[in-house]
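Student: Could you take me through this structure? I would like to begin with the overall picture and then look at particular sites.

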Amino acid sequence: MRHFPRLFLLLLALLPLTACAADSAAPVEGQDYEAIAEPGPFAPLAGKIEVVEVFGYPCIHCAHFEPLLEAWAARLPADVRFTAVPAAFGGHWDAYARAFYAAEQTGVLKRSHADVFKALHEQRSLPMQNVSPQELATFYAAYGVQPQRYIDALRSDQVEEKVKAARAFAMRVKVPGTPALIVNGKYLVKGRNFEDQLRIASALVERERAATRRR
């Protein structure tokens, strides 16, 4: 009986190690990710592992995820390329997918991206439904884009083609909703919460890196 307290303390000391081991375990199909039936990256680039986020500006969960995702993506190694792909599910989703690509075309996407979430979900300075080209042009004018130039980009064939490509990708990988992470066009990340999604994505990136080394 005198040994019981010592044994109990030892077990308590081992619990954090057990938890760490569970966190670092290899991702399990069906639990941590789904294998994509029609695999293929969104925009393949030789030598790069692709991580895609399918997101929507109208999605409040995407807005909450954005700060965590931005910090995570900033720490990705040089052989990993992160790409945000707007969900074009129809209606106001399509309007804001076009807004995303028009901002990219006019060179202000990086500076404006997080602010669109704030404008929609915090400040309410952009309408969720039926946003007009003029309203979007006024918003992006704050980043130095002449309004007519932005509207021209919004209505351009190039933007429309990018929206179609984004829609086709989301349909092919069968995203169940947003935000969704897809690693190298092969794995649709699951996860219990945002932090878990990023943990699984990191592990799948390492899996792809290891597979590349074996080739």
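Student: Among contacts between residues at least 6 apart in sequence, what share join residues at least 24 apart?

Tutor: The share is 71%, where contact means heavy atoms within 4.5 Å. Please note that this is a predicted model, in which local features need pLDDT of at least 70 and side-chain atom pairs count only at pLDDT 80 or more, while totals for chains, interfaces and linings use all residues. Residues are numbered from 1 along each chain as its sequence is written, and side-chain values use heavy atoms, with hydrogens and water left out.

Student: How many helices and strands are there?

Tutor: The protein has eight helices and five strands, in the order α-β-β-α-β-α-α-α-α-α-β-β-α along the sequence. Helices (H or I, at least four residues) and strands (E, at least two) are DSSP runs, numbered from the N terminus.

Student: And what percentage of the residues is buried?

Tutor: Of the 215 residues, 42% are buried. Buried means under 20% relative accessible area, exposed means over 50%, and partly exposed lies in between, with a 1.4 Å probe and protein chains only. The accessible surface comes to about 11900 Å², and carbon and sulfur atoms hold 59% of that area. These areas come from the Shrake-Rupley method with a 1.4 Å probe; for residues, only the protein chains shown count as cover.

Student: Let us turn to strand 4. Which strands pair with strand 4?

Tutor: Strand 2 (residues 49-55) pairs with strand 4 in the antiparallel sense over four bridges. Strand 5 (residues 187-189) is also antiparallel to strand 4, with two bridges. Two strands pair if DSSP finds at least two bridges between them. Val183 of strand 4 is the bridge partner of Val51, and Val183 also has Tyr187 of strand 5 as a bridge partner.

Student: Are the faces of strand 4 covered or open?

Tutor: Both faces are covered. Ala180 and Ile182 are buried on one side, and Leu181 and Val183 are buried on the other.

Student: What about the turn into strand 5?

Tutor: The hairpin has three residues between the strands, and Asn184 takes a positive phi near 55 degrees there.

Student: Now helix 8. Is Gln197 buried or exposed?

Tutor: Gln197, which lies in helix 8, counts as buried because its relative accessibility is 8%. Leaving aside neighbours within four places in sequence, Gln197 is in contact with residues including Leu181 and Val189.

Student: And Arg207?

Tutor: Arg207 is also placed in helix 8 (residues 194-214), but counts as partly exposed because its relative accessibility is 26%. Beyond its neighbours within four places in sequence, Arg207 is in contact with Pro27, Tyr33 and Tyr187. Pro27 is 180 residues away from Arg207 in sequence, with 9.3 Å between their C-alpha atoms.

Student: What is the volume of the largest pocket?

Tutor: About 560 Å³ of space lies in the largest pocket. Of its 22 lining residues, those closest to the centre are Phe82, Ala84, Leu109, Lys110 and His113. On a 1 Å grid over the protein atoms alone, a pocket is an open set of points with protein on both sides within 12 Å along at least five of seven lines, and lining residues have an atom within 4 Å of a point. Grid points are joined across faces, edges and corners, and the volume is the space filled by probe spheres set on the points, the probe being 1.4 Å.

Student: What does His113 touch?

Tutor: His113 lies in helix 4 and touches Phe55, Tyr57, Glu66 and Phe100, not counting residues up to four places away in sequence. His113 counts as buried, at 11% relative accessibility.
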